[in-house]
Amino acid sequence: MTAPSFVASYDETTSTLALRGIIDELSIAEMESAITQATADHTRSATIDLSDVDFLPSIGLGVLAVAMRHGRTAGAELVLRTRRGTLSQRVLEISGLPFELV
């Protein structure tokens, strides 16, 4: 049995959605669903931790950008977070999406 290529887990005490693994065309729907649930359909503020993401293509960045826009419109903040030196840090810097380093 192989490990899943994408895992999303939500910590209610810190309002943090941790995404791990490969975000690709096969996992986008699962990622969107996890963000929608964590943010109560973009009406609750949350942090998305991308530190353990191994692959983040433009389609994943698009999902994050749209979720951030929906949150702002609804008065909720969606914060992207990652560790220094990770793939997600490089991708977020190139994309111009705002993020925090931990």
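Reader: How far apart are the mean positions of the positive and negative charges of the chain?
Author: The mean positions of the 8 positive and 13 negative charges are 6 Å apart, where Lys and Arg count as positive and Asp and Glu as negative, His and the chain ends being left out. The place of a charge is taken as NZ of Lys, CZ of Arg, CG of Asp or CD of Glu. This is a predicted model, in which local features need pLDDT of at least 70 and side-chain atom pairs count only at pLDDT 80 or more, while totals for chains, interfaces and linings use all residues. Residues are numbered from 1 along each chain as its sequence is written, and side-chain values use heavy atoms, without hydrogens and water.

Reader: What makes the radius of gyration of the chain agree with that of a compact globule?
Author: The rule for a globule is 2.2 Å times the number of residues to the power 0.38, with the radius taken over C-alpha atoms. For 102 residues a compact globule would have a value near 13 Å, and the chain has 13 Å, so the two agree. Along its principal axes the C-alpha trace spans about 40 × 30 × 25 Å.

Reader: Which class of exposure does Asp41 fall into, and why?
Author: Asp41 has a relative accessible area of 53% and is therefore exposed. Asp41 lies in the loop between α1 and β3, and its phi is positive, about 60 degrees, although the residue is not a glycine. Most residues other than glycine have a negative phi.

Reader: What makes Ala40 partly exposed?
Author: The relative accessible area of Ala40 is 32%, so this residue is partly exposed. Ala40 is in the loop between α1 (28–38) and β3 (46–55), with a positive phi near 50 degrees.

Note on methods
Helix = DSSP H or I, 4+ residues; strand = E, 2+ residues; numbered from the N terminus. Buried < 20%, exposed > 50% of the residue type's maximum accessible area, 1.4 Å probe, protein only.
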